[in-house]
Amino acid sequence: MNTLLQQAPSWGTTLWFIVAAVLLLAVVLGFVTYAIYFERKVIGWMQLRIGPNRVGPLGLLQTVADVAKLLLKEDIRPQHADKALFTLAPILAYAPAFAVLAVMPFSDSIRFADLGIGLLYYIALSGITVLGVITAGWASNNKYSLIGGLRSAAQMISYEVPLVMSVVGIVLLTGSMNLKDIVEAQRDVWNIVPQFIGFAVFIIAAQAELNRTPFDLPEAESELVGGYHVEYSGFRFAMFMLAEYVYMFGMGALITILFFGGWLPIHPSLDFIPGIVWFILKFSIYVFLQFWIRATMPRLRVDQLMSFAWKVLLPVALFNILLTAVVVSYQNGMF
Amino acid sequence: MNHNILTTHVDTSSETGLRTEEMLLNVGPQHPSTHGVFRLVVKIDGETIKEAIPVMGYLHRGTEKLAENLTYTQIIPYTDRMDYVSAMTNNYVLCHAVETMMGLEIPERAQFLRLIAMELNRVASHLVWWGTFLLDIGAMGPFLYAFRDRETILDLFNELCGARMTFNYMRVGGVKWDAPPGWIDKAKEFVQYMKKELNNYHQLVTGNEIFINRLIGIGKFDTKTALDYSLSGVMLRSTGVKWDLRKDEPYCIYDRFEFDVPTATEGDCMARYHLRMAEIEQSLRILEQALEQFPSEGEVMGKVPRVIRPPAGETYVRIESPRGEIGCYIASQGKDKPWRLKFRRPSFTNLQILPKLLQGENLSNMVAILGSIDIVLGEVDC
């Protein structure tokens, strides 16, 4: 892919790009389809239920049926909603979710753009989604969705700060923001060991970024009925759902890359197993963790949520930066 | 409905010139956390509740008026539909009132069956509360665990009286059905199982940091307020008043068993959570003793005249339901139908404090506070 990027643009290379992008899209959609199925199954088992088992063998086609249902539904727009914004919001939420995947190195060879500032690109783009969420909350002209949208905005902006701060340590250690370099730098030891504090902050902040339990306040169904997407139905709703799960895919991939050594095997002797297998394995563990937490945890309150981000996570993340900086300068012989 | 709430306050900040406005938010009657068809109109400033007005009556069926045209036995199924989560206590309070008026003697075995049914129902009711309360707080799992265990109780009831929720089990003078063979053993088994399971509940939820932070200091009130609002049950005991009718005015055969009345002094949602959990434990304790002492044979129906005609006069009895003090007032003119019948429903009375508790609270606390009151809408609206 990288050699393609260096070549002069031609019809051939353009075609390749389109094919690769469609391929990635298919993989991600496949992931989303079965992540939802898997989530429902896993949570079902944890909660003494069976989960979907009717559509297709073992219920494997359940999500397909659900998506088909959403697509076939009438497109409803509330009468007093802001037409333009109401239509724009799902796209705003959804487009960046896909765009961030461009920089993910899934293995040694499977990757798309090899950006020097890959990490920054991810963080910058994922920040756009919150616009979609606020827009949706505002444009729906519904009080519940307005509260949900504003909560969401406050939450995502607050947690983005510790999220970014927690990865600074890794950038300091690696000396690069290129995701491939970050993985390569973990040949000896995965970042989770030297950057454990950063990891702890990151995984909590990521949970809040993803709006998942225990930080699922924006869509707290017991308080706000449905949150920012309460007025959305049919395909527009599907876009929000899709964005949510694609972000989970993105965040899982990012955590694997940043802290678990990406496609690197647990031990060099296990090198014969292809990198992508390792990647998927680590990634799946994270995704499973998500489901597990969802089945177990209650929800935070909105004021606790904010004070936790600013009073606990941020200082810890800053401390981590300081600690890493001191250690790195010591190793470089500055003291 | 108080119409003052409909005027919202508009303010313009003198410093920034920003215009702020209070917002009216209608919660319910179709809302996942109002536990039925309960409606709240809240005036919010940001996410802070300025004022809340509960609107009830969506489930009003006029039980008390209907009762005036029904014979006493015919009223019993109507009581099932009041507090449908704990119908056995409702059955009992009506029968108890009529029996008090007529001075009836209840056979031993029937007394035991009544007590066992009521206590099992208390456990079931608290399980429903535990599950739905956690669901309000945002945890989905506990709901299903609680309902699994409640299911066992419902199965037991099903065997006992052929119904899972609307039992229509008790009669004036005794109970309708005797326990089928092996039922007592099954109940014993359940009590032992539930004791262990309760431990798991505590491990899953009680120590959870998020959960504790959500509840401590929320929905707080003191003893005086509780008494002023005529609160009863856990709502009252959470402020330190040791008042449990099973102990203080023993009815049925509660005076024969050993159990404690758990109290707390904090008066907040956390205290109420702990009390209800402790009550499950105490109920299991009573059940254990009662099942052990259960008489091996005997009648389940006392000597009751074919047509029940309480003597003219009035009577009021009260018992301890899982939600508080449930009372039944009967005014009789010596006929087979009551001249006037009135239920004191604990859910309804306990709910009155809600607007006071909600004032100044965060919107997220609303569901926690409402959940901790533990209302059943069938009983609120009656």
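Below are a few stops, with what to select at each.

Before clicking, know that this is a predicted model, where local features need pLDDT of at least 70, side-chain atom pairs count only at pLDDT 80 or more, and totals for chains, interfaces and linings use all residues. Residues are numbered from 1 along each chain as its sequence is written, while chains are lettered from A and ligands numbered from 1 in the order in which they are written.

**Stop 1: a helix pair in chain A**

Select residues 83–99 of chain A, helix H4, and then helix H6. (Helices are DSSP runs of H or I with at least four residues, strands are runs of E with at least two, and both are numbered from the N terminus.) H4(A) and H6(A) pack at an angle of about 160 degrees with their axes 7 Å apart; axes are lines fitted to C-alpha atoms, for helices over the stretch in contact, and angles run from 0 to 180 degrees between N-to-C directions. That makes H4(A) roughly antiparallel to H6(A), the label for angles over 145 degrees.

Now show the side chains at the contact (C-beta atoms, placed from the backbone, within 7 Å). Among them are A:Leu85, A:Phe86 and A:Pro90 of H4(A), and A:Leu131 and A:Trp138 of H6(A). By class, this contact has 14 nonpolar, three polar and no charged residues. (Ala, Val, Leu, Ile, Met, Phe, Trp, Tyr, Cys and Pro count as nonpolar, Asp, Glu, Lys and Arg as charged, and the others, Gly among them, as polar.)

**Stop 2: the other partner**

Residues making the contact include A:Ile134 and A:Gly137 of H6(A), and A:Gly148, A:Gly149 and A:Met156 of H7(A). The contact of H6(A) with H7(A) divides into 10 nonpolar, five polar and no charged residues.

**Stop 3: a sheet in chain B**

Which order do the three strands of the open sheet in chain B have? The order is E3-E4-E5, with antiparallel pairing (two strands pair if DSSP finds at least two bridges between them). At the edges sit E3 (23–27) and E5 (48–55) of chain B, each pairing on one side only. From one strand to the next, the twist averages 20 degrees. Zoom in on E3(B) and E4 (residues 39–45) of chain B, which pair over five bridges. B:Val27 has B:Leu40 in E4(B) as its bridge partner.

Methods: Two residues are in contact if their C-beta atoms, placed from the backbone, lie within 7 Å. Angles under 35 degrees count as roughly parallel, over 145 as roughly antiparallel, 65 to 115 as roughly perpendicular and the rest as oblique.
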